[in-house]
Amino acid sequence: MKENCYLFFETLGNRLKIDIITGLKEEPLSVNELSEKLGQERSKVSHALISLSDCGFVKVKKSGRRRIYSLNMDTIMPLLDIVEKHVKKYCKACKQQKRIR
């Protein structure tokens with residue numbers, strides 16, 4: 001279990017992956033669409049999506065030559081809700097960061 005937790009949280013360990021997840025909350029998108037929306041290089045977004053897909057955070061569907069990515073709604077959306085509740089109620093560091101910005 002411990003190793004699985006490391007891998008799980010390590011997958012979320014950078015801003016780009018979190019940006020991708022929050023970007024996909026609104027609608028499924030292709031790599032190019034995500035890259036444009038986030039203002040990131042396509043190769044970086046593609047690499048991050050592979051990692052997110054391998055861990056089951058996102059799902060991929062082929063549409064012709066394009067791959068359309070969407071969030072795993074069964075587990076990731078509820079997880080994001082829990083994270084948001086936790087941050088609002090308990091995370092002093094997060095509250096301090098908001099004041100600084």
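R66 forms a salt bridge with E33, and their closest N and O atoms are 3.8 Å apart; a salt bridge here is a side-chain nitrogen of Lys or Arg within 4 Å of a carboxyl oxygen of Asp or Glu. This pair links distant parts of the chain, since R66 is in strand 3 and E33 in helix 3, 33 residues apart. The model is predicted: local features need pLDDT of at least 70, side-chain atom pairs count only at pLDDT 80 or more, and totals for chains, interfaces and linings use all residues. Residues are numbered from 1 along each chain as its sequence is written, and side-chain values use heavy atoms, with hydrogens and water left out.

**Salt bridges**

- The structure holds three salt bridges.
- Side chains of opposite charge can pair when their charged atoms come close.
- In the pair of R66 and E33, R66 is partly exposed at 41% relative accessibility, and E33 is partly exposed at 33%. Buried means under 20% relative accessible area, exposed over 50%, and partly exposed in between (1.4 Å probe, protein chains only).
- K37 forms a salt bridge with E26, with 2.9 Å between the closest N and O atoms. Because K37 lies in helix 3 and E26 in helix 2, the pair ties together parts that are 11 residues apart in sequence.
- K37 is partly exposed, with a relative accessible area of 38%, whereas E26 is exposed, with 61%.
- E84 forms a salt bridge with K88, the closest N and O atoms being 4.0 Å apart. Both residues lie in helix 5, four residues apart, which is about one turn of the helix.
- E84 has a relative accessible area of 40% and is partly exposed, while K88, at 58%, counts as exposed.

**Nonpolar core**

- The largest nonpolar core has 17 residues. Such a core is a set of buried Ala, Val, Leu, Ile, Met, Phe, Trp, Tyr and Cys residues joined through side-chain atoms within 4.5 Å.
- The residues with the most contacts inside this core are I20, L24, L34, V45, L49, V58 and L71.
- Two or more residues of this core come from each of helix 2 (15–26), helix 3 (31–38), helix 4 (42–54), strand 3 (66–71) and helix 5 (76–90). Helices (H or I, at least four residues) and strands (E, at least two) are DSSP runs, numbered from the N terminus.
- I20 touches L34, L38, V45, A48, L49 and L52, not counting residues up to four places away in sequence; contact means heavy atoms within 4.5 Å.
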